[in-house]
Amino acid sequence: MMNLEQKAIYAILHTNGIGNVKGRKIIDTVNKIGIMIEDIDSIKAQLCSVITNNEYNKICETISEIDFDDIENKLEKYDTRLITYRDKEYPQALYKLTDMPLILYCRGNIDLLKSDCFAVVGTRYPTKYGIRICEEFVAKLAERFCIVSGLARGIDSNAHNVTLQNMGSTIAVLGCGVDIVYPSENSNLYKEIIKNGLIISEYDIGMQANPYNFPARNRIISGLSCGILIPEAGEKSGSMITLEYAEKQGISVFCVPGSIYNKASAGCNRSIRECQTRVAVNVNDIYDELGLTRVKVTKVSDMQLDVNEDNILRALEKNGEMHFEELINVVDISVPQLNSLLIRMSAVGLINKTKFNYWSV
């Protein structure tokens, strides 16, 4: 059930022309904002000290039009909690946002909003390199942090999955209502997060995934977190928007460098070049920056490789990218054997195939 204060905040936010910033100013001006639901005239003077008479009339009209019983029925149907920035469950980390969401819809373990969080975001179309980086970093980060991401396909989904596989906690921030599975391919992951993590959104139940919702969603992802990892992201990736929010919020962002020939790493490489972000080649680069104890990290060189795999890996690390015809000179095996070996190394994420039969780490 929604209390009077929650209903009042909901009504203000759903009044045409009033957003988070102005809404908070209105709410903080009135001593007991919940009174407006039952007797708004009694606080008209307080309200009109920060809004016009026209805006006051709009709020009155909005209150008369809202069906709070219907809203509460939807909250119950989807087992959803509605919390406002005035509720004790609201995450303190979001108070640093100038346009902090005044309402959050929550499905799952709401206690995770009080966790130490770390965000992992990236391209929707990662290479095997990006997936491997994400898996290695997140497996370690999830030991110390609640992993926050956006449930998008690609790096986001991988970050949630790896966290759950490692028995960690995760929060998915949606750009639609908490009842909407987007993208639909993440239906099973969505259910798993509700069961073992938390799904949140500032958008009403039933709100579809509109493109303009996602940039705003990203400020919550960064706002909840003490740091952000971008394993792989293109120059026009939504992750770059998250990076910009983090800069404004004073949050450290860590990018993993990638091949200059890989467009999926172009955003990371540019942000590193322009000193927007810190370079991370293993999770201890993050822990050093945050002042945390280092952990043991398994390196590629520590993995059990045969002679041919080791020779290929060393050649690619030295040259950056090589054609199949160049690699045949590095090993003492036949063309079919090399082809099979490259496919196997690619499958486990050691190397990545690019265009025209070129290969890279």
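**Close-up views of a predicted model**

**View 1. Helix α7 meets helix α13.** Helix α7 (residues 128–141) packs against helix α13 (residues 283–290) at an angle of about 40°, and their axes are 9 Å apart. That angle makes α7 oblique to α13. This is a predicted model. Which residues make the contact? On the α7 side they are Phe137, Lys140 and Leu141. On the α13 side they are Val283, Ile286 and Tyr287. Five of the contact residues are nonpolar, one is charged and none is polar.

**View 2. The largest nonpolar core.** In soluble globular proteins, nonpolar side chains tend to be buried together. Here, the largest nonpolar core holds 75 residues. Tyr10, Met36, Leu47, Ile171, Ile200 and Ile230 touch the most other members. Helix α1 (residues 4–13) gives the most to this core: six residues. A second, separate core has 21 residues, among them Val120, Val138, Phe145 and Ile147.

**View 3. Around Ile230.** Look for one of the core residues named above, Ile230. What does Ile230 touch, leaving aside its neighbours within four places in sequence? Its contacts are Val121, Gly122, Ser239, Met240, Leu243, Val253, Phe254, Cys255, Val256 and Cys268.

**View 4. Cysteines without a disulfide.** A disulfide is a covalent bond between the sulfur atoms of two cysteines. How many disulfides does the model have? The count comes to zero. The cut-off for a pair of sulfur atoms is 2.5 Å. Take Cys255: the closest cysteine sulfur, in Cys268, is 3.9 Å away, so it is too far for a bond. Cys255 is buried, with a relative accessible area of 0%. Now take Cys60. The closest cysteine sulfur to that of Cys60 is in Cys48, at 8.6 Å, again too far for a bond. Is Cys60 buried or partly exposed? Cys60 counts as partly exposed, because its relative accessibility is 23%.

**View 5. Helix α10 under cover.** Helix α10 (residues 213–223) is mostly covered. Of its eleven residues, nine are buried. Asn213 and Phe214 are among them.

**View 6. Ser360 in a strand.** Ser360 lies in strand β12 (residues 358–360). Its relative accessible area is 4%, so Ser360 is buried. Which residues does Ser360 touch, not counting those up to four places away in sequence? They are Leu316, Gly320, Glu321, Ile351, Asn352 and Thr354.

Methods:
Residues are numbered from 1 along each chain as its sequence is written. This is a predicted model: local features need pLDDT of at least 70, side-chain atom pairs count only at pLDDT 80 or more; totals for chains, interfaces and linings use all residues. Side-chain values use heavy atoms; hydrogens and water are left out. Axes are lines fitted to C-alpha atoms, for helices over the stretch in contact, and angles run from 0 to 180 degrees between N-to-C directions. Helices (H or I, at least four residues) and strands (E, at least two) are DSSP runs, numbered from the N terminus. Angles under 35 degrees count as roughly parallel, over 145 as roughly antiparallel, 65 to 115 as roughly perpendicular and the rest as oblique. Contact means heavy atoms within 4.5 Å. Ala, Val, Leu, Ile, Met, Phe, Trp, Tyr, Cys and Pro count as nonpolar, Asp, Glu, Lys and Arg as charged, and the others, Gly among them, as polar. Buried means under 20% relative accessible area, exposed over 50%, partly exposed in between (1.4 Å probe, protein chains only). A nonpolar core is a set of buried Ala, Val, Leu, Ile, Met, Phe, Trp, Tyr and Cys residues joined through side-chain atoms within 4.5 Å.
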